[in-house]
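Hello,

Here is the structure we talked about. My notes follow below it.

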Amino acid sequence: MKRAISRLASEIVEDNQGAKNLYLVGIRRRGVPIAEKIAKRIEELEGSRPTLGILDITLYRDDLSTVGANPIVNRTELDENINDKNIVLIDDVLYTGRTIRAALDQLMDFGRPRRVQLAVLIDRGREHRELPIQADFIGKVVPTKKTEIIKVMLKEFDDVEAVGIFERPVE
Amino acid sequence: MTETFRKKDLLGIRDLSEGEINTILQTAESFRDVSRREVKKVPALRGKTVINLFFEPSTRTRTSFELAAKRLSADAVNISVASSSVTKGETLLDTAMNLDAMAPHVIVVRHGCAGVPHQLAKISRASIVNAGDGSNEHPTQALLDAMTIREHKGKIAGLKVAILGDILHSRVARSNVYLLTKLGARIRVAGPNTLVPKEFAGVVESGLEIAPTIDDAIKEADVVIVLRIQRERMNDAFFPSMREYSIFYGLTKKRMQLAKKDAIVLHPGPMNRGIEIASDVADGSSSLILNQVEYGIAVRMAVLFLLSGGSE
């Protein structure tokens, strides 16, 4: 994972010509620590740290009326003006693309960034996509079946740092 | 500690658990941020309908519920009784059933009689939110008071809260007593003898005390909640005159000095300046009366979201 984060960081910096004007936005929950790791690596590479923000997309989900019990709404933290910034959205896994659609809608309610890119640690493969959304920076493509669940485990939530593929439990 | 909110209606604080209260307050914190953004709207309740059915006059609460619904992208309809079929003799239940047939997701009700929201909840498919029923409860007011206290004191457990004035007629006092004692605050109520129900201490949860005088209640308090004198609910003479009330029971700058240095002052509005609260207190640095109004929208957004979002 460390190598993948490192590579994502250098690709992001290369593509944006440095850390200036760069705004990394992690999507809750697991995108947040990944964004922090990438920011730290960029600081090591460039000597300056990109701005960090947090999106909670709950209120922008398209399945709010069907998700069952009430989801917890956590805070969105975009402290700095996002207008004219180069934003990189960061999440752990790219699957159907619906989370990213929600994140894009929410971002636009906060302002008008110069451009928005997407970085993910794991891409489960284009065949799963339900919306025309692709990542600009990918840690690793892991082809999976629909019956599988991919889980990015992070020290912040799970005590270990690993990526696991599990069979979806049959209900 | 939070607990998933699964209730169909919000009728009062009395039926809520500590966990459910915490869930509402935590959700409200996220919604407060929405009202501070430039685009004050999220799509969470798109396609849902909220009806505000107010049988009593209201500016703050009705506007607050309306804005809360709109900031969640729900459609809000306001019905005030003066311009409705109620004046043509329709019964309350008929009005409610007709509105329910229009398939709203939430009906917000204010009524002068205690228990009206509970009756409507039994017959309607829509979620019912109690926006004040007689002298019984006003749950969203207590929730916004709690949010205001938590934001400024960092906690509620262990705080000393004074509630002053017309306790007898006050639904705000009742909801606040239920809520704040559930979250571990210690409450002292005080007011004219005629307006402090004697049975109060026995009926409600422990943590409540009736103070002999206003000054005793304020002493060392962290929070002072001043209630409005509800002239419209007073058919008998509960105290000789407004002037006398303000002298003996009004919150003045001098009385506030008995409270802790960093004590905060709340008032549910509308204020009777110079009667239950002096202007220099209402406009002073310890007053959070306008913060309460801001948090009111956040709390109502949280309630509407938790009742009509999520579970199907």
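Which strands of chain A does helix α3 (residues 98-110) of chain A lie across? Helix α3(A) lies across β1 (22-27), β2, β3 and β4 of chain A. It runs at about 155° to β3(A). Helices (H or I, at least four residues) and strands (E, at least two) are DSSP runs, numbered from the N terminus. Angles run from 0 to 180 degrees between N-to-C directions, with axes fitted to C-alpha atoms, for helices over the stretch in contact.

This is a predicted model: local features need pLDDT of at least 70, side-chain atom pairs count only at pLDDT 80 or more, and totals for chains, interfaces and linings use all residues. Residues are numbered from 1 along each chain as its sequence is written, with chains lettered from A and ligands numbered from 1 in the order written.

The sheet in chain A is open, with five strands in parallel pairing (at least two DSSP bridges per pair). Its order is β2-β1-β3-β4-β5. β2 (51-55) and β5 (137-141) of chain A are the edges; each has a single partner strand, so one side of each lacks a neighbour in the sheet. Neighbouring strands are turned by 25° against each other on average, direction ignored. Eight bridges join β3 (residues 86-94) to β4 (residues 115-123) of chain A. Leu89(A) stands opposite Leu118(A) in β4(A).

Helix α1 (residues 2-15) of chain A lies across β3, β4 and β5 of chain A. This helix runs at about 155° to β5(A). Contact here requires C-beta atoms, placed from the backbone, within 7 Å.

Best wishes

Definitions and conventions
Two residues are in contact if their C-beta atoms, placed from the backbone, lie within 7 Å.
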